[in-house]
Amino acid sequence: MCLEPIITPLIFGAGLFAAGLMRNRHAKRWRKYAEFLELDAHIGVFRFTLSGSKGPIEIEITADAVPNQHYAAKLTITGNFPEELHLRRTRSIGGIARTLVGSRQVNIGDPDFDRKVWLQGNEAELRAIMNKQVRDAVVVTITQANISCDAYNITWSIPRNTSKTCLATMAAVIDLGVVISVDKTQIVEQLAGNAENDPVEDVQKRCLSVLASQYQQHDKFVETARRLAHSSSPSIQLHARILAFQAEHDKSEAYLVEFANNHELDVHLRAEAWRTLGTKYQSDRTSFITEVLEPDILRRLTSRTASISETDLDALRDHGSPQTLQPLQAYLQRPAPEDLRPAARNAIKAIQSRTDKSLLGAVMIPNATGGGEVDIASSEAG
C-alpha cells in the first residue's frame, strides 16, 4: 500500500499549522507593541503595519507576518527635521565615508558628543535643537540602533537579534524623532536658550555666534549678549562683549574696554579684548602687553610645565622687549612643540631687528649640534 498520497498532505498541513501558530504569536506580539507605542495596528495575512503620529512626526512600522532570517521589521519616521540633515555614529560606514569625501560636519561644541556623533545640516537649526537633553538622547539612541537619518526620514531596519529589546529601542527612536524636529518659528528662542543655559561653554559660545551672524539685529540676540556680558564665566563674558562690539551695540565698546582693564581677569582674555578693540586703543594695548602680558609669558617660558601658545609668541614678535630674547632662545633649545617653533623663531627675529638694527633682521636659532649654542642666521639665508 502506498502511503505517499496520505503522508504528503499531512506534512503540508502540519507545515501550514506551524506557520499559522508562528504568525499568530508574531501578531500577538505586534499588537502589544502597537498598544505600548500608542499606534494603530493593521494585522494582514502577510504583513503587519503599525502607524500613527506623535507630536510633529508620523510613524510607520512594517513587519512580515513570518519574520525573515535577518530583519524583524522596519521603522520609518517622517518629520520636519533640519535641512540637509545627516546623523550617524561617527564610526559608522556612512559617517566615515562622508568624512573622507569632505562633507561639512557641524561640531556642536560638546567634545564627548562630537566624538561620537557625525552631524551635517543647517547649522542654526542643528545648534537650536541640540541642547544637552537632546544630545544625550541622540547618543543613547544611536548606541542602541543603527539608524539612518536625513532631512525627511529616520529609518531603522530592526535586526531579529534585537527582538527582546526592540520595543524599548523603538520607543527611544520615536522619541528622538520628536526632539530633533524643527519648529522654525522657535529657532532664535532655542539658540538664545542654549547660549544662556547649556552646561558646556563652547556650546554656549557657538550658539551665540550663530545668533550674531544670522540674527544680528534681532532683539533676542541683543538681550542675550547683554545678559551673557555679565556671565559668571569670564570666557563667556568676553565672547558676548566681543560679539556685541562687532555688532556695534550700544555701550558695547565701553563694556569691552572695562573687561580689558579688569586686573582680576586672566591676562589671555584681556589680551584678546585689547586685540579686538584695535588700533584706536593701540597705545593701551602696547602698555598692557609690556607691563602685564610679557611678564606672564616670560614666567611660562621659563617653566617646564606651563604652556605657551602661538598667540603668546605673536605678541612677543610684535611688542616683545630685549629681555625676552634669552628665554625665547632657551625655549627653542628645549623639546618645544614643532608647530610653535616657527612662531618662536619669528619672535626672536623681530625682537633682534628692533634691538640691533645692524643685524638687519637676523634670527638667532639653536645650532644643528643641539649642544645649546646659538648661531646667528641671516634672514636672507633661508
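Does Thr324 count as buried or exposed, and at what relative accessibility?

**View 1. Thr324 in the loop between α14 and α15 of the predicted model.** At 0% relative accessibility, Thr324 counts as buried (under 20% relative accessible area; exposed is over 50% and partly exposed in between, with a 1.4 Å probe and protein chains only). Thr324 lies in the loop that links α14 (310-319) and α15 (325-333); helices (H or I, at least four residues) and strands (E, at least two) are DSSP runs, numbered from the N terminus. Apart from neighbours within four places in sequence, Thr324 is in contact with Glu294, Leu298, Leu316 and Ile351, contact being heavy atoms within 4.5 Å. This is a predicted model, in which local features need pLDDT of at least 70 and side-chain atom pairs count only at pLDDT 80 or more, whereas totals for chains, interfaces and linings use all residues. Residues are numbered from 1 along each chain as its sequence is written, and side-chain values use heavy atoms, with hydrogens and water left out.

View 2. Four bridges pair β5 (residues 86-89) with β6 (residues 117-120) in the antiparallel sense; two strands pair if DSSP finds at least two bridges between them. Within this pairing, Arg88 stands opposite Trp118 of β6. Strand β7 (residues 148-150) also runs antiparallel to β5, joined to it by two bridges, and Asp150 of β7 is the bridge partner of His86.

**View 3. The buried side of helix α9.** Lys220, Phe221, Thr224, Ala225 and Leu228 are buried in α9 (residues 219-228). These residues lie on the same side of α9 because they cover an arc of only 125 degrees around the axis, the arc being that of the directions from the helix axis to the C-beta atoms. They pack against α7 (187-197), α8 (201-214) and α10 (234-246).

**View 4. The packing of α8 with α10.** The two helices α8 and α10 pack at an angle of about 10 degrees, their axes 10 Å apart (axes are lines fitted to C-alpha atoms, for helices over the stretch in contact, and angles run from 0 to 180 degrees between N-to-C directions). Helix α8 is therefore roughly parallel to α10 (angles under 35 degrees; over 145 is roughly antiparallel, 65 to 115 roughly perpendicular and the rest oblique). Among the residues that meet are Leu208 of α8 and Leu243 of α10.
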